[in-house]
Amino acid sequence: MLAQIVLFDGFDPLDVIAPYEVLCAGSDVIGGELEVRLVGIDAAGPVTSGTRGLRLQAEEVLRPEEPGVVIVPGASGPIEGDPDEVATIPVLLARIAGTSLPGLIERAFAAPDVLVATVCGGSLALAMAGLIEGRTAVTHRLGNDVLHAAGVHVVEARVVDDGDLVTSGGVTSGLDLALHLLDRQYGPRIAHAIERLFEYERRGTVWHASGRAPIAA
Amino acid sequence: MTNVLAGTWAVTMRTPIGSIEAEMHFALNEGGFSGTATGKGETVPLHDITAVMIDTGERVTWTQTITKPMRLHLTFDVLVDGDRMEGHSRAGRLPRSTVTGRRI
């Protein structure tokens, strides 16, 4: 199984590195059968994040049909400002719609054994591109209203598991996302071992549409 | 319902990812108003158009769904006064944003 974390111009470094390290550590404790790669949209090579020009290297190009998980991070950049003047985070995320990523993610959704997961604004980028209308998801708390405006059912949980779409909240929730993916794929002992190693325990309940629904108060 | 609204309007609206401009076309038919909005790269229908005369002009509301530059479901509420329209649009839970238009 392959985990591919997508790099694009302006990505948030922690959105990428948190799941990268958790999944790599998880791979180590199952004998290496999970491959983890940073991938580019159109080309391998260095990609510049949105934080002080920090760069990470895309090892290869995203292969959307490869069984496993494709993780889309969010962007980092200015939060405040007139979007006509400043490339705020929503503006950066909207630019992704103009790249070949939406088409690749569409193929990932269509592939039988591929999960699409997002950290922070990654779900917002997919929503802006019209890829997750009617799905249940979450993004950074500052973006949940925009996510809702794009036609997504927003659930304010740290991780929302909607089948082949698993989304998580702001920045650090990438840790919780990756631990949930390990748990879902390999079981709680693997996730627990990595929690111990990282001295980090997941927060809150992973939301998914099973069991009983609460009666509205 | 009057014919004040019918015609073509150049409309500017603000969204979380910046201002967008569109050309709105309203037509008065037997069953009421119909309309379309043409923006960057797409033309979408206007739904649920209502127009009511009030003291200061004609109050017009409608909804539309755009996909470019991003997927948004927008609800409009504007006042048409002669060749100008002014009001706001709203997308989901986002704060309402200003809409201005002029007849072309």
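A: In helix α3 (residues 101–110) of chain A, the buried residues are A:Leu101, A:Leu104, A:Ile105 and A:Ala108. A residue is buried if 20 or more other C-beta atoms lie within 10 Å of its own, exposed if 12 or fewer, and partly exposed in between, with C-beta atoms placed from the backbone. The four cover an arc of only 100° around the axis, so they are on the same side of α3(A); the arc is that of the directions from the helix axis to the C-beta atoms. An α-helix has 3.6 residues a turn, so residues three or four places apart point the same way.

This is a predicted model, in which local features need pLDDT of at least 70 and side-chain atom pairs count only at pLDDT 80 or more, while totals for chains, interfaces and linings use all residues. Residues are numbered from 1 along each chain as its sequence is written, and chains are lettered from A and ligands numbered from 1 in the order in which they are written. Helices (H or I, at least four residues) and strands (E, at least two) are DSSP runs, numbered from the N terminus.

The cover over the buried residues of α3(A) includes β1 (2–7), β6 (68–72), β7 and α4 of chain A. Contact here requires C-beta atoms, placed from the backbone, within 7 Å. The sheet involved is open, with 7 strands of chain A in the order β5-β2-β1-β6-β7-β11-β10 and mixed pairing; two strands pair if DSSP finds at least two bridges between them. At its edges stand β5 (60–61) and β10 (159–161) of chain A, each with a single partner strand, so one side of each has no neighbour in the sheet. Within the sheet, β6(A) and β7(A) run parallel and are joined by 5 bridges, and A:Val72 stands opposite A:Thr118 in β7(A). Helix α3(A) packs on this sheet, touching β1, β6 and β7 of chain A, and its direction makes about 135° with that of β7(A). Axes are lines fitted to C-alpha atoms, for helices over the stretch in contact, and angles run from 0 to 180 degrees between N-to-C directions. Another helix, α6 (residues 173–186) of chain A, lies across β6, β7, β10 and β11 (165–168) of chain A, at about 150° to β11(A).

The loop between β7 (114–118) and α4 of chain A holds A:Cys120. Phi of A:Cys120 is near 55°, a positive value in a residue other than glycine. A:Cys120 counts as buried because 33 C-beta neighbours lie inside 10 Å. A:Arg52 also has a positive phi, about 50°, without being a glycine; it lies in the loop between β3 (45–48) and β4 (55–58) of chain A. A:Arg52 is exposed because it has 8 other C-beta atoms within 10 Å.

The largest nonpolar core has 93 residues, and those with the most contacts inside it are A:Val6, A:Val70 and A:Met128. Such a core is a set of buried Ala, Val, Leu, Ile, Met, Phe, Trp, Tyr and Cys residues joined through C-beta atoms within 7 Å. Leaving aside neighbours within four places in sequence, A:Met128 is in contact with residues of both chains, including A:Leu93, A:Ala150, B:Met70 and B:Arg71.

The contact between the chains takes 16 residues from chain A and 14 residues from chain B. On the side of chain A that touches chain B, the elements giving two or more residues are α2 (89–95), α4 (122–128) and α5 (144–149) of chain A. The largest share of that side, 4 residues, comes from α5(A).

In chain B, 9 strands form an open antiparallel sheet in the order β4-β3-β2-β1-β9-β8-β7-β6-β5. Its edge strands are β4 (42–45) and β5 (47–54) of chain B, each pairing on one side only. Neighbouring strands of this sheet are turned by 25° against each other on average, direction ignored. Strand β7(B) and strand β8 (residues 84–91) of chain B run antiparallel, joined by 8 bridges, with B:Asp77 opposite B:His88 in β8(B). The loop between β6 (57–66) and β7 (72–81) of chain B contains B:Pro69, and the peptide bond from B:Lys68 to B:Pro69 is cis, with omega near 0°.

Note on methods:
Two residues are in contact if their C-beta atoms, placed from the backbone, lie within 7 Å.
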